[in-house]
Amino acid sequence: MLVWSRSGRSLILAFLAVLVGVVYVAPLAIILMASFSGEWNGVLPSKPTLEHFFSALTGDSGAQLRASIITGMVASSFALVVGTWSALALRSLPRVPRRILDLAFFIPSAVPSVSVGLGLLVAFSRPPILLNGTVTIVFIAHFILISAFTYGNVSAGLARLSPDFEQVAESLGARPFYRLCHVTLPMILPYLIAAFSLSFALSMGELGATVMVYPPGWATIPVGIFTLTDRGEVFEGAAMSMLLIISTLVILLLLSRIPTKVASR
Amino acid sequence: MSIDVAIDGAASAAPSIVSDVTQSGEGIIFEGVTVAYRGHVVLEDFSLDVRIGEIMALIGPSGSGKTTALRAVAGFVQPTKGRIKIGNQDVTDLPPYARGIGMVVQNYALFPHMRIEDNVAFGLRARNAPREKIEQRVTECLRLVGMSKYVGRYPRELSGGQQQRIAVARALAVEPRVLLLDEPLSALDAQIRRQMVDEIAKLHRDLPGLTVLYVTHDQTEALTLADRIAIMHDGKLSSLGPSQSLYRQPPNRFTAEFLGRANLLPVRVEATDGATGLLRVNFAGATLHVSNDPNAKTGTDQLICIRPHSLHFAEPEAPGNRLRGVVKDVQWQGDHHAITLDCGGTTLRVVTKPLRDRLDRGVSLDLTFQPDDATLIAAST
Amino acid sequence: MADAAIAAPRPAPDTSWLWVVPPLSVIGLLFFYPLFLIARQGLTDGKDVITFEHFATVLHTRQFHSAMWNTIEIALMSSAGCVALGFVVALILSFVPFPGSREIARFIDTFIALPTFLMALAFTFIYGSAGVLNGMLMDLFGNTAPPVDFVYSTWGVVLAEVTVFTPFVLRPLLAAFSLIDTAQIEVASSLGAGPWRIIRQIIFPAALPALLAGGSLCLLLTVNEFGIILFIGAKGVITLPLLVYDKAIQEGDYTPACVIAVINVVLSLSLYSLYRVVIARFGGRNAGVV
């Protein structure tokens, strides 16, 4: 409605198409093409092949795929539990402590991931808690980095839940725990799923803290992609990138299919 | 004092299906309840006695404290001072789930992730009632509100009126001692609302022992449904009484103006007429006779309240009260005409059957009213 | 009246706040405690006495200066780019309606879920010395050396970051624009205002909170960004997070790493406070999920 002439509109839309195409579509397309290419000497790749995908799914890379997914699941589950618990607990606090703690729960996402990794190294490299070189430290690093997002998502969902539902439930005789299980949690289920999905996606792509703390044998996909491209095996790196994108999207899709029976407003 | 509910004859003649599950309710007592938030007083020294089995309507403008009073009974608002009792039990410090209440809110708040039957069964399940009892109560309460067909549906498949009926069934399923209705019809269309008012009235007849506290800003609902009305203003109880008494003889100015429209004429009290027993007052030079009020002091300035439909066109030469006014505005509103007149500086509003002949502005008219239809009100309330 | 009160149960003290202790302890142990230890290692000598000598040592190195300067420069440039690109795209998507505008918005939005380093990888494929663009130009013009090499400089990083972080500006802008009453724009047009005037006087003021919120969020995210810098791997382009990594993992020198990490964290937290203040003052939430 800003531009009234047809030629003006066509011009602007063409401009947008070029902009979005160059900035967003081209990179994705390039990685897609590179993952299938056997050789890339000229402008475009040549000799399409699936061998990069095969090597990406087996051996070291296959192990990294497994490690990423397991880490994602563990860290996201833990983050969902802690994030939901915090969001619920904060509701019953008076204003000032609530705002301070709200800030405290968000800060882990404001801090650079490398520093989080460094902190874990420094803190847990000696007794009594020795986690350096274990898989647990990777789980913890991912958990810390994504906890703020689960907390934020669940908080937003709780804020949008009309207090009527919980109050009516209470008036009908539901004690707090019964109300939590049968009314509150089912009604914020869409937000819980969204929080888990976002956390999982972030964990799959996490690099900064992982690269500081990962033990040999538990490299994740991002670490693997870096090692490959650093070595010059860019096509296999591209194939792993595609696997990363695809596996993330697939799991997100599956999560979005969970029936929630709560009509989204 | 037994409840004297004015149901028109036709309805009471038809046999009503009284629920075979007896509801033995209890009364509600507010004792000097004060509620304040951060220095702002929302309810002040509020005392009220809601009797067993009556429908008490709490009405008032926004901010009058009526919703706060209801939520204090439910337990979602803590009184800063005062106690609340249900029956003989002081519930002020009890959590909501231990008070034995049933609540219906404006937006129904049916649990969207549960079917209708699970919604209605919710309270009983939460209290660990045995399975047979739950099934029996659910069936019974759905039948009571006429929604038995919808047992397996989800709330989103129902209309607003239907959802509200389920909300009522859900509240009744737990056999509450008192039923709290917080503007239950405000979210419904006008037509559905009228229907629901009838249904609530029928429900009250079917469950004679159930005490109901009904908060609304709609006077028609209050006048139709309530046995007694409590009018609230600025956090305080302004007047209390049976609906008809409050309407016909409002005790104060706020009640007169809030409950229905009122014409308020400033008058000076003269004397009681020995012959007729009526009170003589002087309005802008004219002498009027109104119903006697023992509290009226001679020589004081008061107001008399006359409802718009109590003013009629006066026949020429007819005896009785006579007011002369100049027509300022005439509005036809379908089933009545609303005429605004200026009478000695006071604006009067008259509601009549639709006029056949045109009435022009500037015309002088004589109005009359029955002495019984005028109530004396203290000028300063 | 008073005797009725005897029957009332005493109200139980409100202990619901205790529920916040477990999650708080978890975050405390796993995040705040390590952070405290980093600060301790950077600010004390071996005997727990506060000293600034570690800071002095690090702050005097050229490495640190260059990293600090790069971090700030890249952050400012990227955020400005995000704001500009986001504004233009949001403007077109919201006010030059065409079928598919919602899909394009959602497509761009999905980039929030993707790791940032993928963009750097794609950039090397497209703009790198062996990439598509150089291949095309060399074919066309017959150069011997690849003419385009901005990827391995600050510019490459900035462009990659603009691509990746613009969705964080786009999202709140689209939300803000959807709230603008189109009737306002139609009336303005009927009164004779041309598109530039409408943008300046109606759209831009409505966009300002989202721009500020999104912009300050981008500042934060770019200061923290690690993956893109690592993947581009250009020699002259080192930022604070990469320096921390180099010091700790490559060189095994933990104390300077802690010092730089402390500075990095302080910078980030300041930017985060700025972001929260902007949101509180101007609205424009919905910039991210932070």
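Domain bounds here come from an automatic or database domain assignment. On that basis, chain A splits into domain 1 (6–48) and domain 2 (55–256). Bear in mind that this is a predicted model: local features need pLDDT of at least 70, side-chain atom pairs count only at pLDDT 80 or more, and totals for chains, interfaces and linings use all residues. Residues are numbered from 1 along each chain as its sequence is written, while chains are lettered from A and ligands numbered from 1 in the order in which they are written.

**The two domains of chain A**

The C-alpha centres of domain 1 and domain 2 of chain A sit 32 Å apart. Contacts (C-beta atoms, placed from the backbone, within 7 Å) link five residues of domain 1 of chain A to six residues of domain 2 of chain A. On the domain 1 side, helix 1 of chain A is the top contributor, with four residues. Helices are DSSP runs of H or I with at least four residues and strands are E runs of at least two, both numbered from the N terminus.

**Chain A against chain C**

Between these chains, 63 residues of chain A touch 68 residues of chain C. Helix 1 (residues 6–36) of chain A again gives the most on the chain A side, this time 13 residues.

| Side | Nonpolar | Polar | Charged |
|---|---|---|---|
| Chain A, touching chain C | 46 residues | 16 residues | one residue |

**Helix 6 of chain A**

Helix 6 (residues 135–160) of chain A runs for 26 residues and spans 37 Å from first C-alpha to last, close to the 38 Å expected at 1.5 Å times one less than the number of residues. There's a kink of about 40° centred on A:I146, the bend being the angle between axes fitted to the seven residues ending there and the seven starting there. Of the 26 residues in helix 6 of chain A, 20 are buried, meaning 20 or more other C-beta atoms, placed from the backbone, within 10 Å of their own.

**Chain C overall**

Chain C has 13 helices and zero strands. Buried residues account for 45% of its 290 residues. Its C-alpha atoms fill a box of roughly 100 × 70 × 30 Å along the principal axes.

Notes:
A residue is buried if 20 or more other C-beta atoms lie within 10 Å of its own, exposed if 12 or fewer, and partly exposed in between; C-beta atoms are placed from the backbone. Two residues are in contact if their C-beta atoms, placed from the backbone, lie within 7 Å. Ala, Val, Leu, Ile, Met, Phe, Trp, Tyr, Cys and Pro count as nonpolar, Asp, Glu, Lys and Arg as charged, and the others, Gly among them, as polar.
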